[in-house]
Amino acid sequence: MRPLLIHCSYHKCLTVYFNRVMHTLFNRVLPWSGGHCHYNSDICRFYDSFREYRIASINNRFLELDQLEEFRLTRFIRDPRDLVVSGYFYHLKGREAWCNLPNPTERDWFFANGIVPEGLRQNGSSYTAYLRSLSEEDGLLAELEFRSEHFSSMAKWPENHPAILTLRYEDVIKDEVGAFMAMFDHYEFGSLERRLGLWLVERFSLARRLREDQHIRNPAVGQWRQHFTPRVRKAFETQWRSLIDRLGYAAE
């Protein structure tokens, strides 16, 4: 029996890119292969049906490895401080329906594993409207609160596991083809899957999209240095300094 293939990432950590490659490869180009399914952060749906697919992906969750049987898993991680900045500017635009839902509850946001900020609970507006009512500093603090379960899940993963390949966002964007080749090797893809997969990587390349679409926000690393005020930095380090150390990012 082939091992189960799984990918885990985080909101604003190349999720769309990965899903475009895998959805196109296994649901359109090779539809007989078993398919690809992305579960957002819906852990219940994931455990119910991920075995039915050639490859399954999920965001913002730690997986109980003893429930996976034989598996090969890849992970994308990113500096959590940059995740806060990227998420804040993305949610400020309100491009997804859940961002515009008035008075949301944790149940409404279960699919994203997001925490409703305390200020939003009191405000009763939508997340996007709430962020727009705040200063950038307070908006980043709200995004930090929203992300708390994401960061908690990051801290639970084992640092070394033979069936898990972890790749940093910062390295993937430097060498997209090389990163995906490493993933395909880890998944033990066949030759046809590899060739078609690499063609799709180049087709959906982040570098290519940046050249062709001026509306894509700057994906550069280390943007937290420009946007974290002393107050935001203190709040982050009070809660998540150990996570930065664990992931190997510089505390500065």
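Author: Gladly, and let's begin with the largest cavity, which is lined by Arg-81, Phe-236, Glu-237, Arg-241, Ile-244 and Ala-251. Keep in mind that this is a predicted model.

Reader: What makes the residues of that lining nonpolar, polar or charged?

Author: Phe, Ile and Ala count as nonpolar, while Arg and Glu count as charged. The lining therefore divides into three nonpolar, no polar and three charged residues. Helix α13 (residues 230-247) gives the largest share of this lining, four residues. As for volume, about 30 Å³ of space lies in the largest cavity, and the structure holds one cavity of 30 Å³ or more.

Reader: Why is Ile-43 called buried?

Author: Buried means under 20% relative accessible area. Ile-43 has 13% relative accessibility, so it counts as buried. This residue lies in helix α2 (residues 43-49).

Reader: Which residues does Ile-43 touch, not counting those up to four places away in sequence?

Author: Ile-43 touches Ile-58, Arg-61, Leu-63 and Phe-110. Its C-alpha atom is also separated by 9.9 Å from that of Ala-112, 69 residues apart along the chain.

Reader: How do you know whether Tyr-130 is buried or exposed?

Author: Use the cut-off of 20% again. Tyr-130 has 11% relative accessibility, so it counts as buried. Tyr-130 sits in helix α5 (residues 127-132). Leaving aside neighbours within four places in sequence, its contacts are Pro-117, Gly-119, Leu-120, Asn-123, Ser-125 and Ala-142.

Reader: Why is strand β4 (residues 71-77) described as largely enclosed by the rest of the structure?

Author: Because six of the seven residues of β4 are buried. Strand β1 (residues 4-9) pairs with β4 in the parallel sense over five bridges, and Leu-4 has Phe-71 as its bridge partner in β4. Strand β5 (residues 164-168) also pairs with β4 in the parallel sense, over five bridges. There, Ile-77 stands opposite Arg-168.

Reader: What makes Arg-54 and Glu-193 a salt bridge?

Author: The definition asks for a side-chain nitrogen of Lys or Arg within 4 Å of a carboxyl oxygen of Asp or Glu. In this pair the closest N and O atoms are 3.0 Å apart, so it qualifies. The pair links distant parts of the chain, with Arg-54 in the loop between α2 and β3 (55-59) and Glu-193 in helix α10 (residues 191-203), 139 residues apart. Arg-54 and Glu-193 are both buried.

Reader: How do you know that Glu-137 and Arg-231 form a salt bridge?

Author: Their closest N and O atoms are 2.9 Å apart, and the cut-off is 4 Å, so this pair is a salt bridge too. Glu-137 is in helix α6 (residues 136-146) and Arg-231 in helix α13, 94 residues apart. Glu-137, at 24% relative accessibility, counts as partly exposed, and so does Arg-231, at 45%.

Reader: Why is Glu-159 called exposed, and Arg-246 partly exposed?

Author: Glu-159 has a relative accessible area of 58%, so it is exposed, while Arg-246, with 32%, is partly exposed. Arg-246 forms a salt bridge with Glu-159, the closest N and O atoms being 3.4 Å apart. Arg-246 lies in helix α13 and Glu-159 in the loop between α7 (148-156) and β5, so the pair ties together parts that are 87 residues apart in sequence.

Technical notes: Residues numbered from 1 in each chain as written. Predicted model: local features only at pLDDT ≥ 70, side-chain atom pairs only at ≥ 80, totals over all residues. Heavy atoms only, no water. Helix = DSSP H or I, 4+ residues; strand = E, 2+ residues; numbered from the N terminus. Buried < 20%, exposed > 50% of the residue type's maximum accessible area, 1.4 Å probe, protein only. Contact = heavy atoms within 4.5 Å. 1 Å grid on protein atoms, 1.4 Å probe; cavity = no way out; pocket = protein on both sides within 12 Å on 5 of 7 lines; lining within 4 Å. Points joined across faces, edges and corners; volume = space filled by probe spheres on them. Pairing = 2+ DSSP bridges.
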